[in-house]
Each structure stands twice: as C-alpha cells, then as structure tokens.
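Subject: Structure handover

Hello,

Here is the structure I promised to pass on. Please open it next to this email; my notes follow below.

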Amino acid sequence: MADTAHAAPAAHTTHRTPELIFLEPVFHQKIWGGRMLESDFGYQIPDGPIGECWAISAHPAGDCKVAKGSYAGMYLSELWTQHRELFGNLSGEQFPLLVKILAADDDLSIQVHPDDVYAAEHEDGSLGKCECWYVLHAEPGATIVIGQNAHSREEFARAVDAGNWDELLNIIPVKTGDFFQIDPGCVHAIRGGTLILETQQSSDVTYRVYDYDRRQADGSLRELHLQQSLDVIDYNQQPPTNGTITAVEKNGVTRLIACDRYTVERVRVAATTDAATPTQLTAHWPFLCVSVIEGSGTVNGQVLARGDHFIVPAGIDVLSFVSTTESMELICSYPPAD
Ligand code: ZN
C-alpha cells in the first residue's frame, strides 16, 4: 500500500511555472538614424530616422512592455519592482541592464560616459555607463572611434580647441562579428554604416564631446558637454587596434566579456541540432537577457525568430536551443549575482 503521508507535494501549488518573458522593443528617432531596423530586422518602426531599438529595457526613457504570457502588458520596470523573484531576488532599485540595437546610417557624436561614482554625484543618482558592442553588420571600409591619444586633460582640451580630431581620436576599422568593450571614461563613437547590438548598464548619461557641427531638423545644434567630458575621460587607457574576438568557442558558446557589471556571451546553434541534440545552456545567472541576432529556431519548444528579445527568469534552469536555419545566433547577457 502506498504511504500517502510521504507522497510528493501535490500539483496545486500556487507558484507559477516560470516562463520566458518576451519584450516589445521601444524605438527612438536619432539624427544619425535611418530605416535599417525595418529593412534588416523587419521591425515595424515609426516614420523618420530611427536609430535605436531598446530591446530589453526598464529605463524610464524607454521601458519595454511584456509582449505575451502571464505578464503581458506589464512594463519591465513593474516586473522588476513587483516580482523580484523572477530576477533571482537581485538587489538594486533599477533593473541593471539595457540591451539595444543601434542602426547608424550616419556618425554618432564623439562621446564619453561617466562611471557610477561620478554619475551618482552629478547626474541625480543615475548609474554610470559601461557598454559593449557586438557588430551585427559593418559596411566594407567602415570605421569606429574607440579611445583617444591625449595623455592629460590639458592635452585633450588643446586638441579640441584646435579641432585636431583625426590626431586626437583612435579611429580603427570595424567588421561584422567584431566585439568592443567600452569602459566609462573611454571616448567613442559608432560611425555610419554599422548595425550594433549594445549591452550596457541601464543608464542614459552621455557626455557629447563633438557633434561635427551638424544641425537637427529644427536647425539647432545638440548640446555639448566638454567640461564633464574632460572630468571623466580616462587619460591612461590603452586604445584597442581592432575588435577581433579572441575568446575560444566552447559547445557553441563564446564569452565576449565578463566585467563587474555584466557578462556577455554569443551562442551559436548549428543547423545539425534537433530535439535529441540541442545546444544547451544551464543556468549560471540570476536571470538571462537573450537576443536572437541571426536565423530562427526554438528554445524549450518555443519558436524564436531573428529580432526576438526575451528574459529567462530565475527558475528556468536549462535552455535547449534548436536551429531551423543554417545556424541560429544569440547574444546573451546577465549581471553579476549580489
Ligand atoms: Zn556610448
């Protein structure tokens, strides 16, 4: 006779089965934007020059809504506040990461971001901004600005005064599949002809050093922030010479960066995968942000297409990916545990 006193807990538990949280992107018009997010990714975007797709964001300047499932219609910021268990009960007032696609028809301003300490003091308690770029596409001959050649605040200020931008800036070639980490204090600019997946701290604090004297639709210039820039630029950094990924791919996974703000990995799911031999990831994160950047397929039986973005909440311990195209590629990111 069965010992009912020791039977497994009944299935009528009040806990929800954890589910993947798919998000609706928020699009932003930019002076350097265009229509690539529509022509390349098939997104339905507003009219005008659209430069940014905020794909996984709880930032007040672009808070994503949950697209489907139990939490459909809720903002990610609300989920973060009301259902912290989905995020491994991580501490912090703000959802820590922001994943964007940047579609640059024209050059972005030369800019620099502060670290957490400077931002907290000068930007009303905002987070600083550490960011990284995975290059989804670069036109032949495209270049990018990362780092600068001055060794002091005075030297940098003199070069800006003289307009010696070509000597001051570290301008390097960029190709599809490159990766760059941009620490706070690193002067940088994405240039025209590039499509980039950016993973960053959830911050919108940008100090513009130079904007090519270009005018907005209404004829005005965008604001520059030279003093703040001079404050936060790191004059001791070593600018990179290229963005070639040197990390080794293991079982389809390449760790692109692990810094104290985030870890970012590229996952390649080969066409040979099937339900019996999927590419598997085992949870080693509080929660995981995932963007499908190439191909299509399934995850744990759910259909995925290029341009989908979702969060894997705490409680889903294994992800099984199957590709239905030549290969499916994903960029995954997560914050450090507390
Ligand atoms: Zn930036």
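How many salt bridges does the rule find across the interface of domain 1 and domain 2? It finds two. Bear in mind that this is a predicted model.

First, the domains. The assignment gives domain 1 as 21-211 + 218-232. Domain 2 is 253-334. Their C-alpha centres lie 23 Å apart. On the domain 1 side, 33 residues are in contact with 28 residues of domain 2.

Interface size is often given as the accessible area lost when the parts come together. Here, domain 1 and domain 2 bury about 2500 Å² between them. Carbon and sulfur atoms carry 70% of that. Look at Phe-22, Leu-97 and Tyr-134: they supply 23% of the area that domain 1 buries against domain 2, more than any other three residues.

There is also a salt bridge between Arg-306 and Asp-40. Their closest N and O atoms are 2.9 Å apart.

Now the metal. A zinc ion is coordinated by His-113 (NE2), His-188 (NE2) and two entries for Glu-131 (OE), at 2.1 to 2.6 Å. The angles among the four donor atoms run from 50 to 121 degrees, and the site is irregular. Along the chain, the donors follow the spacing H-x17-E-x56-H. Glu-131 in strand β9 (residues 131-138) and His-188 in strand β13 (residues 188-189) link distant parts of the chain, 57 residues apart.

Glu-131 is buried, at 2% relative accessible area. His-188 also counts as buried, at 2% relative accessibility.

Best wishes

Terms used
Residues numbered from 1 in each chain as written. Predicted model: local features only at pLDDT ≥ 70, side-chain atom pairs only at ≥ 80, totals over all residues. Heavy atoms only, no water. Donors = N, O, S within 2.8 Å, 3.2 Å for Na, K, Ca; no water. Tetrahedral: all angles 85-135°; square planar, octahedral: opposite > 155°, others 65-115°. Helix = DSSP H or I, 4+ residues; strand = E, 2+ residues; numbered from the N terminus. Buried < 20%, exposed > 50% of the residue type's maximum accessible area, 1.4 Å probe, protein only. Domains from an automatic or database assignment. Contact = heavy atoms within 4.5 Å. Buried area = accessible area lost by both parts, 1.4 Å probe. Salt bridge = Lys/Arg side-chain N within 4 Å of Asp/Glu carboxyl O.
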